[in-house]
Amino acid sequence: MVCIPRIFSGSIRIAKRQFFCKSNEPINDFASIQLFVNVPNTLFMRDLPCFRISQFCRKFCSKTYIVDLSPDSQRIVDSLISTFTKSFGPDNQELSHLVSKLTTDIVETVLKGIKNWRIAYKFFTWAKGQSGYHHNCYTHNTMASILAHARQNGALRDLALDVVHSRVSMSPGALGFLIRCLGSVGLVVEANELFDQVRMRHLCVPNNYSYICLLEAISKSNLIDVAEMRLNEMLNDGWQADKFVLTPMLQVYCNGGELEKAWNVFDQINKIGSVDAHVLSILVLSFSKWGEVDKAFELIERMEDYNVSLNEKTVYVLIHGFVSASRVDKALQLFDKMCKLGFSPDIAIYDVLIGGLCKTGELEKASYLYSQMKSSGILPDVGILTKLISVTEEEEMGSTDKAYCMIKIMMGDKPDSETGIEKLFKVKGIVWPNTTSFTVVIDGLCKNGRLDEALELFRDMDKIECKKDITVYNNLIDALSSSNRIGDCIQLLSKMKHARIQPTQFTYNSFYGYFCRSEDVPGAFNVVKEMRLNGHNPWIKHSTTLVKQLCKHGRAVEACKFLDDMVKEGFVPDIILYSAAIDGLLKVKELDHALELFQNICARGYRLDVIAYNILINGLCKAKRVSEAQDILNEMLNKGLVPSVVTYNSLIDGWCKDGDIDQALLCFSKMDGEEREPNVVTYTTLIDGFCNAGRPDDALMLWDEMKTKGCCPNRVAFMAMINGLCKNGRPNLAFVFLREMDKKELRADSFVYIALITAFLSNLNSLLAFDVLKEMVDRQIFPRHVDKNYSLLKDAVCKLSEDPHSSSNVKTLLAEGSIPLNFLSDEDETKFKSIV
């Protein structure tokens with residue numbers, strides 16, 4: 001066990017005043033947390049080692065204290081209370097006669113007799129300004145107590161400053177009381193400053209009770225350094241660290257999340273035999289607060305060793321804490337302990353537990369607890385039923401049916417036959433479902449495509465006069481619009497407006513999405529105008545869908561006009577929309593129109609991204625306008641944009657198809673300078689370009705480089721290499737690549753086999769040509785009639801059928817039907833039929 005060190009490390013650090021949060025707790029003169037048992041207030045004063053309560057000359061902090069006044073003084077008190085509770089001016093004659101008779105006892109009694117803090121403070125301020133009268137520590141403390149109860153932090157702060165500036169002498173007990181007032185409303189920094197000021201100005205000699213009050217004030221914060229410094233001062237002055245000193249230290253460590261230090265303090269309290277309900281409550285609640293649920297529960301189990309019993313308030317707080325920490329298991333264990341102790345849980349605790357189980361999807365346990373609640377005679381409220389409906393809706397199997405059934409039962413509908421769920425949720429009387437219940441079930445029905453039932457339930461809301469909110473309207477409109485039921489959507493929108501529920505951006509975009517998906521440009525634009533009038537924005541995803549769909553179906557010009565109209569309505573399309581429009585124009589061969597749009601958006605100040613440039617460069621390259629694409633690249637570089645691998649791949653492909661392999665290699669070399677790693681597309685494009693340029697050896701060198709750099713060739717790369725080698729009269733090496741494809745389980749297209757067959761025939765190697773043909777037959781890889789390679793294969797089959805080395809084999813395949821007869825020439829087909 002680690003003992004509390006005599007000297008704590010760290011210097012005092014006090015936060016600025018405005019960072020302190022105002023406490024919501026009422027002032028409590030003895031600031032104890034009585035969650036387990038009722039602890040007498042006197043306990044906190046009884047065992048102080050250095051003084052007894054009877055040693056004080058007066059009980060300044062007692063709420064029942066009444067000053068023993070003479071009849072004359074009492075009449076003055078009554079007169080002052082009467083005068084100040086009415087409107088009065090500074091020249092009030094009645095007050096002028098009473099000034100000379102003011103005493104601190106009279107002022108203190110008047111303050112206690114005035115019920116309104118403002119009037120009390122007004123009287124206190126008036127008395128202070130009267131000639132011959134001076135407030136003492138007891139009038140200040142009485143006013144401080146009133147201000148603390150009224151949560152008037154500003155006035156209380158000024159009062160503390162006035163004590164110092166007016167050099168009011170204080171007893172140690174009076175100082176402790178004022179510090180407690182400050183601490184009760186969260187003015188911890190001010191309490192600490194007051195303690196130092198009165199000591200420095202010799203207005204008070206603090207004793208251990210003063211220090212205890214200060215530590216209690218500090219314990220309401222997480223100022224661990226300040227608390228440790230004050231404890232050091234006490235220990236250095238010879239005061240002992242007893243229970244009343246250690247308890248605030250325990251609290252401040254718990255507030256600051258220093259649970260290890262808090263546990264060490266608890267060990268010290270346990271060592272001196274002072275563990276009580278207050279100490280245990282601080283520790284167990286702090287463990288719960290900081291998510292240490294297992295430690296908190298372990299401490300609860302040990303409470304019996306300290307003869308401390310749980311009470312309902314403690315259990316409620318801990319169950320709430322455990323559920324908030326997603327530890328419903330421990331909350332249920334504590335609930336069982338609560339029931340065994342004879343406590344009767346109310347609907348609030350059932351609500352918390354059922355809600356926690358619903359959040360974790362444990363419907364079976366939640367239903368059991370619900371059944372237990374009903375058995376105990378507690379009727380469920382709509383909140384509990386809504387939670388059960390929500391978790392039922394989140395289940396996968398039959399969830400919507402269960403939730404729908406539950407809400408119908410809540411409305412009083414009688415099912416044809418009672419099943420388990422009907423029996424479980426049947427309650428005496430009708431518990432009307434609320435808006436949340438309807439929203440959850442309607443949303444579930446919509447997600448499952450049961451729109452008619454969702455609409456029926458929506459109409460049922462009117463029968464029980466359940467208020468419809470924007471969420472339930474939006475869910476229905478969104479689902480109906482996604483199912484192209486625009487007529488129902490329009491009816492719901494009309495009902496919304498009639499109910500004075502303003503459509504939101506989501507509402508309008510549900511309609512907008514429908515018109516965009518339908519490629520209904522006028523309808524979409526009408527919604528855009530409506531959104532502009534109501535201050536909403538169309539969603540980019542819907543606008544992009546419309547533009548892409550229009551471009552896909554050859555309506556790119558119409559898409560561009562739609563974008564122009566949006567600009568006129570004040571909605572400036574983003575670069576994604578313009579990129580989609582440019583891409584659409586390029587696909588319908590409207591290259592000049594695409595360039596014009598590109599230049600226009602640049603002139604409007606748009607900062608185009610790499611994707612937009614890539615779209616245009618790729619379009620130009622495919623149109624064999626590679627020089628213009630190169631100019632676009634240079635413009636891109638001048639604007640500080642870094643080309644991507646896609647950019648260079650487009651240009652390399654363009655130069656290769658243009659027959660300028662050197663320019664393609666120049667682009668390839670720039671990629672290395674820009675630290676853009678070539679990918680398999682880059683290498684494949686160049687390999688194809690080398691082969692088309694009659695440079696197969698360079699293609700093979702590039703293949704080796706690709707593999708050396710860890711770029712794995714794919715199916716397309718293999719086919720490009722095989723086809724390229726065949727074009728350059730090297731079918732034997734190409735055949736090796738085909739076998740390597742087989743090892744990698746990559747399937748070649750028919751044009752690769754046809755290229756090999758044609759190349760072998762060109763090299764007069766009909767046997768290998770037939771072997772490749774046989775492999776095509778076995779794998780059923782044949783081109784379609786519209787394929788340009790169909791005629792090449794037909795010519796190859798004819799040649800093989802005429803070649804003496806392969807003709808018999810070909811005729812066998814023809815006889816078996818493995819090769820269609822139409823692959824023969826008309827003359828050979830006639831001969832073959834006559835032979836058969």
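1. Helix 17 passes helix 18 in a left-handed crossing. This is a predicted model, and the points below should be read as such. Helix 17 covers residues 328-340 and helix 18 covers residues 347-359. Their axes lie 10 Å apart, at an angle of about 150°. Angles over 145 degrees count as roughly antiparallel, so helix 17 and helix 18 fall into that class.

2. Which residues of helix 17 and helix 18 meet? Helix 17 brings Val-328, Ala-331, Leu-332 and Phe-335. Helix 18 answers with Ile-349, Tyr-350, Leu-353, Gly-356 and Leu-357. By class, the contact of helix 17 with helix 18 holds eight nonpolar residues, one polar and no charged. Gly counts as polar here, so Gly-356 of helix 18 is the polar residue of the contact.

3. Next, the pair of helix 40 and helix 42. Helix 40 spans residues 731-743, and helix 42 spans residues 766-779. Their axes come within 12 Å and cross at roughly 25°. Angles under 35 degrees count as roughly parallel, so helix 40 and helix 42 are described that way. Helix 40 passes helix 42 in a left-handed crossing.

4. On the side of helix 40, the contact is made by Asn-732, Phe-735, Leu-738, Arg-739 and Asp-742. Helix 42 supplies Leu-768, Val-772, Glu-775 and Arg-779. How does the contact of helix 40 with helix 42 divide by class, and how many residues are charged? There are four nonpolar residues, one polar and four charged. Among the residues in this contact are Arg-739 and Asp-742 of helix 40, and Glu-775 and Arg-779 of helix 42.

5. Is helix 10 (residues 208-218) enclosed or open? Eleven of its eleven residues are buried, so helix 10 is largely enclosed by the rest of the structure. Buried here means under 20% relative accessible area. The buried residues of helix 10 include Asn-208, Ser-210 and Glu-216. Tyr-209, Tyr-211, Ile-212, Cys-213 and Leu-214 are also buried, as are Leu-215, Ala-217 and Ile-218.

6. The start of helix 10 has a contact to check. A side-chain oxygen of Asn-207 reaches to within 3.0 Å of the backbone nitrogen of Tyr-209. Tyr-209 is itself among the buried residues of helix 10.

7. Last, Asn-618. It is found in helix 33, residues 610-622. Is Asn-618 buried or partly exposed? Its relative accessible area is 27%, so Asn-618 is partly exposed. Asn-618 and Ser-650 are 32 residues apart in sequence. In space, the C-alpha atoms of Asn-618 and Ser-650 are 5.2 Å apart.

Notes: Residues are numbered from 1 along each chain as its sequence is written. This is a predicted model: local features need pLDDT of at least 70, side-chain atom pairs count only at pLDDT 80 or more; totals for chains, interfaces and linings use all residues. Side-chain values use heavy atoms; hydrogens and water are left out. Axes are lines fitted to C-alpha atoms, for helices over the stretch in contact, and angles run from 0 to 180 degrees between N-to-C directions. Helices (H or I, at least four residues) and strands (E, at least two) are DSSP runs, numbered from the N terminus. Angles under 35 degrees count as roughly parallel, over 145 as roughly antiparallel, 65 to 115 as roughly perpendicular and the rest as oblique. A crossing is left-handed if the near helix is turned anticlockwise from the far one by less than a right angle, and right-handed if clockwise. Contact means heavy atoms within 4.5 Å. Buried means under 20% relative accessible area, exposed over 50%, partly exposed in between (1.4 Å probe, protein chains only). A polar contact is a pair of N or O atoms within 3.5 Å; within protein, one must be able to donate a hydrogen and the other to accept it, and residues adjacent in sequence count only if both atoms are side-chain atoms.
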